[in-house]
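Biologist: I'd like a close look at one part of this model, the ligand site. Could you start there and then walk me outward through whatever else is worth a look?

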Amino acid sequence: MIRFEHVTKRYPDGTTAVEDLSFEVAEGELVTLVGPSGCGKTTTMKMVNRLIEPTEGRVLLDGRDIAEADPVELRRHIGYVIQQVGLFPHKTVLENTATVPQLIGTPKARARARAAELLELVGLDPAVHGDRYPRQLSGGQRQRVGVARALAADPPVLLMDEPFGAVDPVVRERLQNEFLALQQSVRKTILLVTHDLEEAVRLGDRIAVYGSGTIEQFATPAEVLGAPATPYVASFVGADRGLKRLAVTPVEPADLEPADGAAPAASVELGASLRQALALLLQEDAGRIAVTDPATGAVAGVLTPQGVHRALRRAHRRDDA
Ligand SMILES: Nc1ncnc2c1ncn2[C@@H]1O[C@H](COP(=O)(O)OP(=O)(O)OP(=O)(O)O)[C@@H](O)[C@H]1O
């Protein structure tokens, strides 16, 4: 759905922000862009809604080169959430949320009704918070309004730049989890920028790990954590507790798929660490290993990289409880 083809951005002062980027975000997929400050994440994202134009290469949306799209029309299809939220200070929460639908001609009453629904969806009570002004909200509440406002025009694509950045870690994890649950139901195509590997792993279906202006690895969280593609990625993930979490999270029945037919020969036991399971999984060309029940020795099911991903998300959620 979003496709970068050999995209380079050089700023007029000669800074090359990104170089020869090629990757694709599938419809309904959430891709996180992660990397240190200044590596080109924001530049990448802003090239999707044409706040920044590439110097070379092209960006396609649904197969069409966005350079040929009218920027205003383009942005109607692309929600944008930024860290400083950018709510209008003189408008109430409800008015802020209804802004875009009203701009595109939705009658006021309908726009407000939809805004109220969206506020509920992001966990704010419209009766309590709807008539407040942004300054009367906490940082976390403001970020929820930012997400609700971006969803209000029902754009198929969302760009999110550090959307949960401005709140403390506890609130942040709660917002992330609520957002994941929301994404399960709305299935937007999302590019989300973060400098936090933890957040990238938790939210991303796939992660683009940035070095300096290039993507060092574009893969699922389990692959990035379990099989870093370059020494740079290894040191980036190594410094994080994500890997340690793999080591302390056991394989559980809920992570498995049924073993129809012959189970793979390679196996671990239920309760083995995800790290151990992933190490074995990565050696198996078939991309699946058997998991046995230590009590009976019987095959309990089959573990795939998706199962590891699910287990990681479960572990994150459990840590929040
Ligand atoms: N308008 C500009 N003119 C010149 N250089 C720029 C401009 N905007 C960004 N850059 C440079 O391009 C590089 C990439 O910047 P970008 O904002 O994309 O990084 P980022 O990964 O999003 O960083 P952060 O996490 O700090 O926001 C940086 O070296 C930055 O200094």
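This is a predicted model: local features need pLDDT of at least 70, side-chain atom pairs count only at pLDDT 80 or more; totals for chains, interfaces and linings use all residues.

What is the distance between a backbone N or O atom of Cys39 and an oxygen atom of the ligand?

Modeller: It's 3.1 Å, with the backbone of Cys39 supplying the N or O atom and the ligand supplying the oxygen. Residues are numbered from 1 along each chain as its sequence is written, and side-chain values use heavy atoms, with hydrogens and water left out.

Back to the ligand. The side chain of Thr42 puts an N or O atom 2.7 Å from an oxygen atom of the ligand, and for Thr43 a polar side-chain atom sits 2.5 Å from a ligand oxygen. As for cover, the ligand on its own has 630 Å² of accessible area, and the protein covers 60% of that (Shrake-Rupley, 1.4 Å probe).

Who else is around? The surrounding residues (a heavy atom within 4 Å) include Tyr11, Asp13, Thr15 and Ala17, and also Pro36, Ser37, Gly38, Gly40 and Lys41. Helix 1, residues 41-46, is the biggest giver to this shell, with three residues. Helices here are DSSP runs of H or I with at least four residues, strands are runs of E with at least two, and both are numbered from the N terminus.

Now look at the loop between strand 1 and strand 2, where you'll find Pro12. Pro12 is exposed, at 84% relative accessible area (exposed means over 50%, buried under 20%, partly exposed in between; 1.4 Å probe, protein chains only). If you want a sense of span, take Pro12 and Arg245: they are 233 residues apart in sequence, and their C-alpha atoms are 43 Å apart in space.

Follow strand 2 and you reach Asp20. Asp20 isn't a glycine, yet its phi is positive, about 50°. Its relative accessibility is 45%, so Asp20 counts as partly exposed. Asp62 is another non-glycine with a positive phi of about 50°. That residue is in the loop between strand 4 (56-61) and strand 5 (64-65), and at 46% relative accessibility Asp62 is partly exposed too.

Next, the rings. Searching the whole structure turns up four aromatic pairs (ring centres of Phe, Tyr or the six-membered ring of Trp within 6.5 Å; planes under 30 degrees apart are stacked, over 60 edge-to-face, the rest tilted). Phe4 and Phe23 are one of them: with ring centres 4.7 Å apart and planes at 10°, the pair is stacked. This pair links distant parts of the chain, since Phe4 belongs to strand 1 (residues 2-10) and Phe23 to strand 2 (residues 16-25), 19 residues apart. Both Phe4 and Phe23 are buried, and together with Phe218 they form one aromatic cluster.

Tyr232 and Phe236 make another stacked pair, because their planes are at 10° and their ring centres 6.3 Å apart. Here the separation is about one helical turn, because the two residues are four apart in helix 10 (residues 231-238). Tyr232 is partly exposed, with a relative accessible area of 27%.

Thr32 is buried, with 0% relative accessible area.

One last stop: His309, in helix 13 (residues 305-320). At a relative accessible area of 11%, His309 is buried. A polar atom of the His309 side chain lies 3.2 Å from the backbone oxygen of Gly204.

Definitions and conventions. A polar contact is a pair of N or O atoms within 3.5 Å; within protein, one must be able to donate a hydrogen and the other to accept it, and residues adjacent in sequence count only if both atoms are side-chain atoms.
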